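Work through the following exercises with the sequence and the model side by side.

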Amino acid sequence: MIRLENVTKSYSTEVTALRDVSFEIAKGEFVFLVGPSGSGKSTLLRLMNRQEVPEKGSVWVAGKNINDLPESKVPFLRRSMGNIFQDYKLLLNKTVFENVAFALEVIGRPRHVIRQQVPAVLELVGLADKGDRFPHQLSGGEQQRVSIARAFVNRPLILLADEPTGNLDPGTGEGIMRLLDRINSTGTTVVMATHDTRVVNMMRRRVVQLDRGVIVRDQERGVYD
Amino acid sequence: MLARISYAFRETFASFRRNVTLTAAAIITSAVSLLLVGSTFLIQRAFDNLLTRWKGDVELIVYVRSDATTEQIQLIDDALRSQPSIIDVERLRYLNQAESYAEAEKLFAGDPGTLRLLTPENIPSQFKVVPIAEDSSLVRELGEQFRQLAGVKEVAYAQDVFDVVSRVSQFIRVATTAMSIILLIVAVGLIWNTIRTAMFARRREIEVMKLVGATNWFIRIPFMLEGLLQGLIGGVLACGGLWGLNSAWSGAVDDFNDTELAALVVSDGYVSSVMLILLGIGALAGAVGSGIAASRFLDV
């Protein structure tokens, strides 16, 4: 599903974020990217949805080299992926329903599809009765659920999560992980960058560990350390 | 498709409501600068009209001494009429002293000092001559001959006045054009800035849109519509202002209906086409300015 071949990316001459990184993620896999801050986890995610382009090497998604993708095709690549962030990135002036509907609106889905799919995905994330709340009326965990609903409403092939439990207490984080696990079990590939030891150890999935831009460990059913 | 169109319009109007002050500022600036651009067109046109009228009208005036005898005047008249190949005999006009004085009262209305020196008794009467010869040197030659005639006080060529007016008009044309270009740039800048501020306030929204796969045009179009609307509203205001200015001006010039100044009136047809141009410039500048402003935020 995702393949990186000898990818090097630096932000300036001094800072090299990734150095000659190669690895592959199969369809339906659940992969943790772990490592300290600045080790290149977020850069790896940003390469996968073409927020960044590598200097050397290539990034393949669903059989296509996305480095060669013309700028005008990038939106269509992104429609096959969902994104989740540590800070949720919800739109504060929109309700929960509108935040999720927004993802469908901007890709031109007709209204009857929106009316049907948004309640279904809110049900899935356990917020069926909170569609008309605003983000500030929700807890952190609930806000993250909204952002997962927004990422998943389009049934993407791939879900990219950047520290999704970083702002949550352990109990709430576990709830989020169970939700991601459920989404993964529908066949969606999940790539999650984290340094949350607890959730990695709890899940026992593939772990790719980075240190200063290099992969130092790639382990099936791994733990954080 | 319908969903996209309704989305674009909803976003446009929401943004209008959110940024009332900035929107008003952009509209007013574009209105003022478009009004100036329009006025430039009208001023240039008015001077062109005036010049054309002067060109095709009197170009030679033979002033007759106030003490000239009736025979001398008759002689000059005959001499002029004997040159049908150079002057338009049909349009040859003689203003006697009373008529000349009446004309002078208007011409020197703003110069009472000069007017006080003139009386219906000492003012020269005049022949207003319309040349038909294309070659102005022929006209000059004829004028020199008349200067020799008894009773002729002076021969004046409208060409000289024409040159002065022409230079003044040239200057006004350059000055007003420069001014309107500067103002137009200012207007585009302000609309651009309005949109940029609106976009900065919504950068989070734009980032989310980009990440869920909205195309750049999908994001850009509501902003361009907003700019287009601002430019268009500014254009409508400018048109209203221009119409008012032109009516006032036409009314004022009406008082000089029987003088050359009447040529300064611009026809309504021309005013209408200038208005259409203003609306076009307003809409285009607004949309393009916003489109450029938007592009800077789309690089996610």
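**Exercise 1.** Determine what share of the residues in chain A is buried.

Solution. Begin with the criterion, by which a residue is buried if 20 or more other C-beta atoms, placed from the backbone, lie within 10 Å of its own, exposed if 12 or fewer do, and partly exposed in between. Applied to the 225 residues of chain A, this gives a buried share of 43%. This is a predicted model, in which local features need pLDDT of at least 70 and side-chain atom pairs count only at pLDDT 80 or more, while totals for chains, interfaces and linings use all residues. Residues are numbered from 1 along each chain as its sequence is written, and chains are lettered from A and ligands numbered from 1 in the order in which they are written.

**Exercise 2.** Describe the open sheet of four strands in chain A and find its edges.

Solution. Helices (H or I, at least four residues) and strands (E, at least two) are DSSP runs, numbered from the N terminus, and two strands pair if DSSP finds at least two bridges between them. In chain A the strand order is S2-S1-S4-S5, with antiparallel pairing. Strand S2 (16–25) and strand S5 (64–65) of chain A each have a single partner strand, so they stand at the edges, with one side of each left without a neighbour in the sheet. Next, S5(A) is joined by two bridges to strand S4 (residues 56–61) of chain A, and Trp60(A) stands opposite Asn65(A) of S5(A).

**Exercise 3.** State how confident the predictor is in chain B and in the complex.

Solution. On the pLDDT scale, the predictor's confidence in each residue from 0 to 100, chain B averages 80, and 90% of its residues score at least 70. Within chain B, confidence is lowest in helix H1 (residues 2–18), at a mean of 75, and highest in helix H9 (residues 216–254), at 88. For the complex, the predictor gives an ipTM of 0.83 and a pTM of 0.67.
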